[in-house]
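Subject: Structure for your review

Dear colleague,

Please find below the structure that I am handing over to you. My notes on what was found in it follow directly after.

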Amino acid sequence: GPLGATPTEILVDGETVTALFVPGSLPEDLRGSLRDGPDSSVDRVIDATGKYVIPGGVDVHTHMELPFGGTSASDTFATGTAAAAWGGTTTIIDFAVQRTGEVVEESLAAWHAKAEGQCAIDYGFHMIIGGVDDQALKAMDYLVANEGISSFKLFMAYPGVFYSDDGQILRAMQRAAESGAMVMMHAENGIAIDVLAAQALARGGTGPVHHGYTRPPELEGEATNRAAVLARVAGNCPLYFVHMSASEALAVVSAARGAGHNVFAETCPQYLYLSLEEHLGAPGFEGAKYVASPPLRTNTASHHDDLWRGLRTDDLAVVSTDHCPFCFRDQKELGRGDFTRIPNGIGTVEHRIDLVYQGVASGRLSLPRWVETCATTPARMFGLYPRKGVVAPGSDADIVIYDPAASTTISASTHHMNLDYSAWEGFQVAGKVDTVLSRGTVVVAGGEFHGRAGHGRYLRRGLSQYLR
Ligand code: URP
Ligand code: ZN
Ligand code: ZN
Ligand code: ZN
C-alpha cells in the first residue's frame, strides 16, 4: 500500500472500536458473517478498500457564535459542527469566554447553554480568561478539577477587550504551573499594534491590507518570546501558542523546545497557504474576507515554508482552524472605511483535513504527520487520548474514510458552513472525505449528511498528555 499505510479491518461495537485485525487474522466466524450479510453477527460492513481509514479529526480551536466587534461569528454550534463533520472532523474544542468583570463559572454556563443539544459531533471547551483577578485564578483550579477544562487562553493582543498585561499573565501562568493546566497564548503585542493602527488610520490607510501592515511578524515574535520567558519564570507553566503565523515566532518555539521546555504550538491552514499580498491585499474591500489575527503574512519572506517545516519537525504539533466565520455581506462590511472594525476571523472548520492532506499530496508532509497534526496530537495535547485521536480497541468509533483518488473544488456554493463566502473559493483539493462515523454512528456517507444536532456530547478533558 501507500507509504505509511497498513491494510486493516476494524470491528466496531456500539460507540466503540473493539478490535483491529491485520489481513488474514480476522476470526472465521466474523469472516463468515462478512460474506453472509443480514443474518450474521455483524450489522453492517463498510468497504474501504483503496481508501485511508483514519481517526476522526480533532479541531482544538473553534469560535462558534463568538461575540466579536459588535456582531457574532456566523456559525452556531449546530451549523458549525455539522460542517466540521462534513470535513472529517469529529471533535471540536471551542473557546468559552470570560470577560473582565464576569464570573468565570457563569460565563462557562452560558457557553454550555449555547452548545447543549446542538452539536452533531463531540465537543469540549477551553476557557478564555479575559479578566485575570483573584476570583478568576481560583476558578481556573475549579474548572480543571471539576469541569473537565484543562486549558486557558490568554491574550497579549486586543487591549480593552481580552487583553492581559504581563503581570496578569504571570499570575495565571503560576496558577497553571501548579495545577498542570495549559496556558494557550495569543501572542501579538497588542499595545504596539494599537499605536501602529491608529497611525495608519490617521494617514488615511483604512483598507483591509493595513490590518496586515500594522501587525508585523516582529510583534508576534516579540510576544512569543515574552510569553515563553514568563512561562519559565512562572515555574515552567505548560504553554501552547495558538494560530502561529510567523517565522520569528516559530524560531522562539524551536529554541524553547530545544531547551526542553513544555512549549508547544499550532498553526492553521490560512497561514500555510494564503498571503498578505494576494489575499489580504486583494482589490477594493475583498481583503476583508481574509482579516484574521495574526494576519496573513507576506509571501516575500519564508513564513509558509518555515511553517511547513515546523509541521514536519513537530515544533508545530497541531493544525487547528481558528474557525471564526463572519459573513462578507453584513458582517465584514462593518469595517468598510476602518480596517480596525472588520470582525477578525476566517471560517475553515470544514476544510482542515483536506487542506492539510494537500501537504501529503504535494510531498511536503508524510501520511502519518497528516493524521498526527489533525487528530492524534490535538487529542493528546488536550487530554482526550485515547478516547479520541486514534482508532484502537476501546477508543470512540470516530472514524473517517478518506478517498485519495477523489478530488473536489472548495466553494461557498457547496460548503456547509453558515458563511456567505469562502476564503478558499476555487481551491482544488486532491482527496475527499468519503464516510464519517461519530461514536459508531455514520454521520456522513454517499455525499449525504445523516447526523443530527444533539448527537454530540460534552467531553470532560484531563491534563495535557505531553507534559514532562
Ligand atoms: O482573528 C481571529 N483569530 N479571530 C478569532 C479570535 C482569536 O484571536 O483567536
Ligand atoms: Zn487568538
Ligand atoms: Zn481563535
Ligand atoms: Zn450572514
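**Findings**

Strand 1 (residues 9–13) pairs with strand 2 (residues 16–21) in the antiparallel sense over 5 bridges; strands are DSSP runs of E of at least two residues and helices DSSP runs of H or I of at least four, both numbered from the N terminus, and two strands pair if DSSP finds at least two bridges between them. Val-12 has Val-17 of strand 2 as its bridge partner. The hairpin of these strands has 2 residues between them, and Gly-14 takes a positive phi near 65° there.

Please note that this is a predicted model, in which local features need pLDDT of at least 70 and side-chain atom pairs count only at pLDDT 80 or more, while totals for chains, interfaces and linings use all residues. Residues are numbered from 1 along each chain as its sequence is written, and chains are lettered from A and ligands numbered from 1 in the order in which they are written.

An open sheet is formed by 8 strands in the order 4-7-8-9-10-11-12-13, with parallel pairing. Its edge strands, each pairing on one side only, are strand 4 (57–62) and strand 13 (318–319). Strand 13 pairs with strand 12 (residues 263–267) over 2 bridges in the parallel sense, and Val-319 is the bridge partner of Thr-267.

Two helices lie across strands of this sheet. Helix 3 (residues 104–115) lies across strand 7 (89–98) and strand 8 (122–129), at about 140° to strand 7; angles run from 0 to 180 degrees between N-to-C directions, with axes fitted to C-alpha atoms, for helices over the stretch in contact. Helix 14 (residues 367–381) lies across strands 4, 11 (239–241), 12 and 13, at about 65° to strand 4.

In helix 2 (residues 77–86), 10 of the 10 residues are buried, that is, 20 or more other C-beta atoms, placed from the backbone, lie within 10 Å of the residue's own. Just after helix 2, Gly-88 takes a positive phi of about 90°.

Lys-153 lies in strand 9 (residues 151–155). An unreviewed UniProt entry annotates Lys-153 as "modified residue: N6-carboxylysine"; such annotations may be inferred rather than shown by experiment. Lys-153 is buried because 21 other C-beta atoms lie within 10 Å. The residues that Lys-153 touches (C-beta atoms within 7 Å) include His-126 and His-186, not counting residues up to four places away in sequence.

Yours sincerely

Technical notes
Buried ≥ 20, exposed ≤ 12 C-beta atoms within 10 Å, placed from the backbone.
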